[in-house]
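Subject: Structure for you to look at

Hello,

Here is the structure I said I would hand over. My notes on it follow below.

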Amino acid sequence: MSRTRNAAVLLAAVTLLALAGCSSGQKQQADNPGGAVIRTASGDPNGLRGAVLDRPYALPAKSLTDTGGNEFNLRTSTKKPVTLVFFGYTNCPDVCSTVMADVASALTKLDDAVRGDVQMLFVTTDPARDTGPVIRKYLDRFDPSFVGLTGSLTSIKDIAKAVGVPVEGMKKLPSGGYEVGHGAQVLGFGKDEKATVLWLDNAAIGDMAHDFGKLVEDNR
């Protein structure tokens with residue numbers, strides 16, 4: 001690859017990984033600690049429609065707490081061939097609910113046998129307010145099978161950084177409350193616990209459904 005072409009691809013990768021300010025609607029550049037390079041969908045030989053990573057992100061072997069108060073290890077507690085991971089919070093006024101609804105809708109387009117091989121993990125970026133019951137009530141609006149996870153903010157930030165998702169922490173609002181800046185991408189992990197594809201918050205539901213099915217097919 002030429003130096004010019006390589007620079008263009010890297011720039012595209014940084015631009016694609018955007019930080020979602022849930023109430024402001026503004027986006028900034030995100031950290032990309034893994035140095036992952038993103039191919040366009042048309043450049044993916046496997047036919048995936050999401051943003052494809054040349055350097056996969058590995059899911060850390062870290063534990064958080066699920067909505068029932070039980071320990072949940074991101075590697076050993078995920079038993080299905082495909083694991084989807086999203087970082088967000090229940091008080092997010094727009095982006096998080098939209099993404100969760102889109103993922104839920106995409107999953108309904110799959111056959112039951114395929115849908116049963118996909119696990120969705122929602123990791124809160126606001127553990128101070130998102131208790132287990134709060135997360136459970138929130139996720140049940142979209143799909144009761146979605147797993148909600150919480151833990152210390154430090155642990156959550158470390159896990160998010162390892163998979164290329166920036167988490168800013170609290171930003172106070174004039175109203176007295178606060179919002180939490182975080183990356184809005186959904187990451188798709190296979191049975192090797194590595195993510196080779198992600199979908200941004202504006203991904204088409206049909207494209208996600210296609211890719212979820214393809215990932216299951218490739219990881220059974």
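Is Glu193 buried or exposed? Glu193 counts as buried, at 14% relative accessibility; buried means under 20% relative accessible area, exposed over 50%, and partly exposed in between, with a 1.4 Å probe and protein chains only. Glu193 sits in the loop between β12 (186-189) and β13 (194-199). Its phi is near 65°, a positive value in a residue other than glycine. Most residues other than glycine have a negative phi.

Before the rest, a note on the source. This is a predicted model, in which local features need pLDDT of at least 70 and side-chain atom pairs count only at pLDDT 80 or more, while totals for chains, interfaces and linings use all residues. Residues are numbered from 1 along each chain as its sequence is written, and side-chain values use heavy atoms, with hydrogens and water left out.

Overall

The protein has six helices and 13 strands. Helices (H or I, at least four residues) and strands (E, at least two) are DSSP runs, numbered from the N terminus. Of the 220 residues in the protein, 50% are buried. Contact means heavy atoms within 4.5 Å. Among contacts with a separation of 6 or more, 67% are between residues 24 or more positions apart.

Helix α2 has 14 residues and reaches 20 Å from its first C-alpha to its last. That is close to the 20 Å expected at 1.5 Å a residue, where the expected span is 1.5 Å times one less than the number of residues. The helix is mostly covered, with 10 of its 14 residues buried. Among them are Val95, Cys96, Met100 and Ala104.

Helix α2 (residues 95-108) packs with helix α6 (residues 205-219) at an angle of about 55°, and their axes are 8 Å apart. Axes are lines fitted to C-alpha atoms, for helices over the stretch in contact, and angles run from 0 to 180 degrees between N-to-C directions. The angle makes α2 oblique to α6; under 35 degrees counts as roughly parallel, over 145 as roughly antiparallel, 65 to 115 as roughly perpendicular and the rest as oblique. From α2, the contact is made by Asp102, Val103, Ser105, Ala106 and Leu107, and from α6 by Ile205, Met208, Ala209 and Phe212. These residues divide into seven nonpolar, one polar and one charged. Here Ala, Val, Leu, Ile, Met, Phe, Trp, Tyr, Cys and Pro count as nonpolar, Asp, Glu, Lys and Arg as charged, and the others, Gly among them, as polar.

Thr125 lies in the loop between β8 (118-124) and α4 (132-140). Thr125 is buried, with a relative accessible area of 2%. Leaving aside neighbours within four places in sequence, Thr125 is in contact with Phe87, Gly88, Tyr89, Leu153, Val167, Val180 and His182.

Gly148 belongs to strand β9 (residues 147-150) and is buried, at 1% relative accessibility. Not counting residues up to four places away in sequence, Gly148 touches several residues, including Thr65, Phe122, Ile135 and Leu139. Gly148 and Thr65 are 83 residues apart along the chain, and their C-alpha atoms are separated by 8.3 Å.

Pro133, in helix α4, is exposed, with a relative accessible area of 61%.

Regards
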